[in-house]
Every structure is written in structure tokens, then in C-alpha cells.
Amino acid sequence: MAWSDSKIFRAALGDMLGNVAAMDLDADSFKAALYNNTITPDNDVTAANSAYNVGQWATAQETFEAGQWAQGGVALSSQSLDRSVADRVFFDAADTASGSAADITNATGVLVYDDTLASPVADQGLSYHYFGGSNSVVNGTFTVVWNANGIDNFTL
Amino acid sequence: MSTGADTGAEAGDASVHIVGSLSAEDAERAQQKRAAAVEFQARVLASADEALDRAQGKLAKLEARYSEDIEGAKQGLEEARASRQQAIDDYEAALASTGEES
């Protein structure tokens with residue numbers, strides 16, 4: 001199996017609904033970390049294994065360039081948890097861009113994780129997003145364009 | 001005394017291994033990269049400022065919310081106790097109506 005889809009982690013949703021983790025989509029700061037095509041994400045892993053630099057999300061598979069797209073990911077900007085649309089609640093942010101002279105190779109997807117959360121699991125993953133294939137840029141800007149329906153969309 | 005080039009250096013020697021010279025194009029690109037890094041790190045700093053504000057806001061929110069939640073949980077506990085006592089009373093009343101004892 002390889003990376004082939006985008007998912008919200010079961011643990012993230014369960015831990016939010018069960019008040020196990022204070023993962024706050026209004027208040028917390030989230031980051032987007034790029035990964036290559038050698039990993040096989042699984043949305044059913046434990047909270048611990050959904051975290052940045054754990055399990056599939058180890059730094060060995062991370063794609064970055066210091067000064068252009070930081071290791072550990074780039075912070076989401078203009079985050080919002082939108083409750084204003086009927087039958088939907090969605091988490092969104094502005095598209096996330098690198099510096100303008102980035103060399104990024106083989107970025108296949110991105111992990112969105114809670115950079116504020118320190119316990120019970122630090123840097124717990126919220127969701128991961130497949131780019132549909134591997135993407136590279138040479139001396140340019142690498143931009144993650146989030147889905148028009150938001151980063152994570154809950155349909156009721 | 002060895003110059004230390006390529007094959008290693010004796011203690012105290014400086015060793016420089018030049019792979020190639022920097023072309024004008026490379027130099028321009030390096031400059032672009034440095035300028036881009038400044039712009040990127042400025043954004044990282046702005047994000048860090050935002051993250052700090054968010055973290056402070058979250059702490060305040062949790063402190064306020066959990067004090068309310070704890071009070072709410074205490075009330076819930078009292079209501080659950082009262083409901084259980086009512087259920088016991090109702091059960092005993094039902095049992096008594098049949099002439100049996102619990």
C-alpha cells in the first residue's frame with residue numbers, strides 16, 4: 001500500500017468528541033508538514049502514532065528545505081472553524097506556501113497536526129492530505145492549495 | 001607539512017576541499033535563496049506571534065471553561081444521585097404494592 005487518499009484521523013475525532021484531548025480547532029495552532037511517497041498513512045492508528053515525528057510521520061520521510069519550508073512544517077494561517085453553513089462544520093485556512101526559492105522534491109502529501117497540543121499526545125495529527133502524486137519544485141514557491149470545502153469538512 | 005587537501009589533514013592543518021567554483025548564476029541563485037529565506041522566516045515569525053496569542057487564549061478559555069465544567073459535573077453528579085434515589089423509592093413502592101419485601 002502506498003499513499004492514495006486523504007483522511008481525518010479517527011483518534012483525533014474520537015478524542016475531541018470524548019474530551020480526551022483538548023484539540024481545539026478554534027484556538028490551537030496547526031502546522032502542515034510535507035512527506036514523500038514512501039509512507040503509507042493510516043487514519044485508524046492510535047493518537048500517538050498520528051503525531052508528527054512518530055510512526056509513518058517520522059522525520060526520515062519528511063520533505064523540507066530550511067529557510068523555505070521548515071522541517072516540522074509551516075504554520076497554517078487564517079485558520080477558522082466555520083459553523084455558519086447548514087449541515088456542515090469545516091476547518092479551513094489560507095493556502096500554505098513555502099519561501100519563493102524553494103527546492104522541494106517528491107512531496108506527495110501533507111500531515112496537518114496540532115502544534116499547540118502537548119498532552120496526552122504532543123503534536124497529535126488531525127488529518128493527512130494526498131496530492132494525487134509526487135510534486136517537486138526547483139527555486140520556486142511550493143503552495144499547498146487546500147480543498148474548496150476546507151481542510152477538514154464534517155457533513156451532518 | 002601537509003596542506004591537508006583531499007587526503008586528510010594532520011592536526012593543526014586547515015583542510016579545504018573545493019568541488020567547484022561558484023558561477024555567477026549560482027551566486028545569483030544563492031542570493032535569491034537568502035532573500036526568500038528572509039521573507040519566509042518573517043512569515044514564520046508572524047506565525048509564531050499568532051501561535052503565542054492562540055496559546056494564551058486557549059489557556060484562558062480552558063481555565064474559564066473547566067471551572068464551569070467542574071461545577072456542571074458536580075450538579076450532574078447530584079442529579080444522578082437524586083435520580084437513583086428516586087428509582088430506588090419507586091422500585092420499593094412497586095414491590096410493596098405486590099406485598100413482597102425487597
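Reader: Which residue with a positive phi follows α1(B)?
Author: This is a predicted model, where local features need pLDDT of at least 70, side-chain atom pairs count only at pLDDT 80 or more, and totals for chains, interfaces and linings use all residues; side-chain values use heavy atoms, with hydrogens and water left out. Residues are numbered from 1 along each chain as its sequence is written, and chains are lettered from A and ligands numbered from 1 in the order in which they are written. Helices (H or I, at least four residues) and strands (E, at least two) are DSSP runs, numbered from the N terminus. After α1(B), with phi near 85°, comes Gly99(B).

Reader: How far does α1(B) reach from its first C-alpha to its last?
Author: Chain B has one helix and zero strands. That helix, α1(B), has 74 residues.

Reader: Which strands of chain A do the buried residues of α1(B) pack against?
Author: Buried means under 20% relative accessible area, exposed over 50%, and partly exposed in between (1.4 Å probe, protein chains only). In α1(B) the buried residues are Lys33(B), Ala36(B), Phe40(B), Ser47(B), Arg54(B), Lys58(B) and Leu95(B). An α-helix has 3.6 residues a turn, so residues three or four places apart point the same way. In chain A, the packing partners of these buried residues are β4 (74-75), β7 (96-97) and β8 (102-114).

Reader: Is Lys58(B) buried or exposed, and which side chain does its own side chain meet in a polar contact?
Author: Lys58(B), found in helix α1 of chain B, is buried because its relative accessible area is 8%. Contact means heavy atoms within 4.5 Å, and beyond its neighbours within four places in sequence Lys58(B) is in contact with Ala22(A), Asp24(A), Ala27(A), Asp28(A), Thr116(A) and Leu117(A). A polar contact is a pair of N or O atoms within 3.5 Å; within protein, one must be able to donate a hydrogen and the other to accept it, and residues adjacent in sequence count only if both atoms are side-chain atoms. At 3.0 Å, the polar partner of the Lys58(B) side chain is the side chain of Asp28(A).

Reader: What area is buried between chain A and chain B?
Author: The two chains meet through 27 residues of chain A and 18 residues of chain B. Ala27(A), Gly67(A) and Asn139(A) supply 23% of the area that chain A buries against chain B, more than any other three residues. Buried area is the accessible area (1.4 Å probe) that two parts lose on being put together, summed over both. Carbon and sulfur atoms give 43% of the total, which is about 1700 Å².

Reader: How many salt bridges does the rule find across the interface of chain A and chain B?
Author: A salt bridge is a side-chain nitrogen of Lys or Arg within 4 Å of a carboxyl oxygen of Asp or Glu. The side chains of Asp24(A) and Lys61(B) meet this rule at 2.7 Å, N to O. Across the interface of chain A and chain B, the number of salt bridges found is five.

Reader: What is the omega of the cis peptide bond from Ser119(A) to Pro120(A)?
Author: Most residues other than glycine have a negative phi, and most peptide bonds are trans. For the cis bond from Ser119(A) to Pro120(A), omega is near -5°.

Definitions and conventions: Expected span 1.5 Å × (residues − 1).
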